[in-house]
Amino acid sequence: MLFNSLEFAIFLPVVFLLYWFVFGNLLSHNRYQLRWQNLFLLAASYVFYGWWNWRFLILIVVTSLVSWGSALAIGKTYQTGQKKTWLGISIILNLCILGVFKYYNFFVSSFCHLLGLDDSSYVLHIMLPVGISFYTFQALSYSIDVYRGKIAATKDPVSFFTYIAFFPQLVAGPIERATNLLPQFQQKRLFSYSDAVEGMQRILWGLFKKILIADNCAWYVNMEWADYARQNGSTLVLTAFLFAIQIYCDFSGYSDIAIGTARLFGFRLRENFKTPYFSRNVAEFWKRWHISLNTWFVDYVYIPLGGSREGRTRTILNTFVIFLLSGLWHGANWTYVTWGVYHAMLFVPLIVLNRTKTYQDTPTFRQLLQILLTFLLVVAGWIVFRAPSLHDAWMFVYNMVIHIHHGEPFYIHSVFMRHLSVALFILFSVEWLGRKGTCPLALTALHLPAWAKAVCYTALVQLIFAWGRFEYTQFIYFQF
Amino acid sequence: MKKFLIYTVTFVCINMLLIYAQDTYTYYTGAYRDHVAGAEIYQAKQAAKQKKKVKKLLIGDSVCRQMYGVGQVGDSIWSLACNQAVTMAGHYCLIHDFITTNKDSLPQEIILSFDCKSFANNLDKYTFQYFLKPFPDKEYQPLLTNRHLLEREKLIPYRRAANMPVIRCNSWAPEYELPQEQYTLLSPVSSDYLDSICVLAKSAGLQLHMFCNPVRESRQQTFVDIYQKALNTAETQKHQTLWEEWYQSATYLPDSLFHDFVHFNKQHIPENPYLLK
């Protein structure tokens, strides 16, 4: 079920109340209270995930079993060779599942097209399970961390299965680490008023970004992409910008709702976005965008390949590998691979010039220009990301440049632009002012009294309902 | 926990009241019709309730709407074209509204303009937004008693919520899929309501004509095959003249004029292809 759906609006309070009142308070003197609470969360998570299609549950259970079993085996043996074998089994099996469901058809079709063959006899007619990339990587990180000795293999299947299937972050991240999340399932959770309030603030902020901004941008972007060959260049420029806004608000909005929902249940998930469009360079952008995925690739691919310890050439090569894999992770299409390579090419000069640090201070005028340039470079990359094919991406850019003065200039209903402009002003103001805190909507920088904050939150809710789009548009990252 | 629940429930209640007030305001002023999904259907509904002395009444899907728009066309045509998603039942409601409003000065002809795919609609995932909400039970229940229609409607979740003002004045609709069957040309709902349109036209003394939207050349063979297969079925035999007119009126245009399967590019929309006067 989607976070912005009626079903979830009913599901969440029911699960919340049962979790704290029945499995929290009523069973508080029961020695198995924690296990019952985790079991309830596991059941709720499976209901949440199975709501799309109950068949998806088979795969997630298999992934959980493989990772849990292999980690137990790693934990039981002292021989490095056997540990490696069990780790290899976990990695191969999990990647095979991911490969078959996500990449098999892509590689087979590409191979057939290369040879001029008809691929219809070779492709599999299977559905891509929602969130498979996310929970597979989460399971893999557990196996690898057990092997590395960072965490002990858990003998408790309930807490582990719940860690994999935990519904707030199951289908679109953040990709959690066992070292952070698994211990939280193994210790008693106490209700915290401040955590619950912050959770609600995050959920509200996420819904604002998704329903009001992302879905409105999506309406326009989808319309223009469907007929881009006949649009004026300025229309296509606006389309590119609006897609950059759409994907940020869609994805970070989901992460906000996920983090906020987890906070309601007493869990702390890792941050996934830190105002990425305020980055001074691409290196900083990749430390602020989809942080959980990028750190995953750094910890489990980049560093094992040697990281930056083996000289500049090797560092550059490793960087290309990371971005290539990151592109491929996003989807089975050459556009994602190209997008990854594009970012690698932007990143490499920064390695050479040794300009990969993250800035914390308020930007100077020069840095503001750097922020603008970085944003433009990122927007250009999103064109390839959004395009259905490389040919479409090329034609989009071609039309954008060649048709800049041709055809009718862009027309957007003035009400739409007015609403979007106000929403974007609110977005960037709140996120900039709240950049140093964990929740932008806490509005701590403004030092407002509680009643004033309540008025602001009420105004935000009213804006969402007045200007938001409620036709169901799935979160973009669900397809990954 | 108690403090959190009290504050949250209070916050939610205040906001629900404000939303209800806002929606009630937009509902009763009619302002919602311009910005909800399916705004073109509300425009067609409004046009159907206007007193207009015209010779021809035009009903059609979104392609017809591209070609003729909504409202006055030339001197003597009034168009109620909207979207095939309203189903043939919705088109029947629009015709009924116009005839009821203009019973003192009826048009001479009703012209139907549809692509072959429009007849295959037997209610689908768009029905909640494009049919149930614009045509609520309170207003249209006497016209929507068809057995096939009611059986299919039962499969749509939260269908009764489509009658609530707070749901009607925004674009919310549940996500669902109805089991789809393949039809040669006419779905049961389309067949039944085409019959109803014919009966309505006859009882009002109006001529009924049916034209086919221009077809893209790459679909020509498929279009011909569909028609040939449907030719001797009971549904088409009932209105043989109408179907023959529909088939004969089809024109085949180059694919380059089309933006998708059926719709024209903005710059290639033909003007008055049926040469209506």
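Mentor: A salt bridge is a side-chain nitrogen of Lys or Arg within 4 Å of a carboxyl oxygen of Asp or Glu. This is a predicted model, in which local features need pLDDT of at least 70 and side-chain atom pairs count only at pLDDT 80 or more, while totals for chains, interfaces and linings use all residues. Residues are numbered from 1 along each chain as its sequence is written, chains are lettered from A and ligands numbered from 1 in the order in which they are written, and side-chain values use heavy atoms, with hydrogens and water left out.

Trainee: How many salt bridges does that rule find across the interface of chain B and chain A?
Mentor: The rule finds 0 there, although 25 residues of chain B are in contact (heavy atoms within 4.5 Å) with 27 residues of chain A.

Trainee: Why is B:Ser113 called buried?
Mentor: Buried means under 20% relative accessible area, exposed over 50% and partly exposed in between, with a 1.4 Å probe and protein chains only; B:Ser113 has 0%, so it is called buried.

Trainee: What makes the pair of B:Ser113 and B:Asn213 a polar contact?
Mentor: The term asks for a pair of N or O atoms within 3.5 Å; within protein, one must be able to donate a hydrogen and the other to accept it, and residues adjacent in sequence count only if both atoms are side-chain atoms. The side chains of B:Ser113 and B:Asn213 make such a contact at 2.7 Å. Leaving aside neighbours within four places in sequence, B:Ser113 also touches other residues, including B:Cys64, B:Phe211 and B:Tyr274.

Trainee: How many residue pairs are in polar contact across the interface of chain B and chain A?
Mentor: The rule finds 2, both at pLDDT 80 or more.
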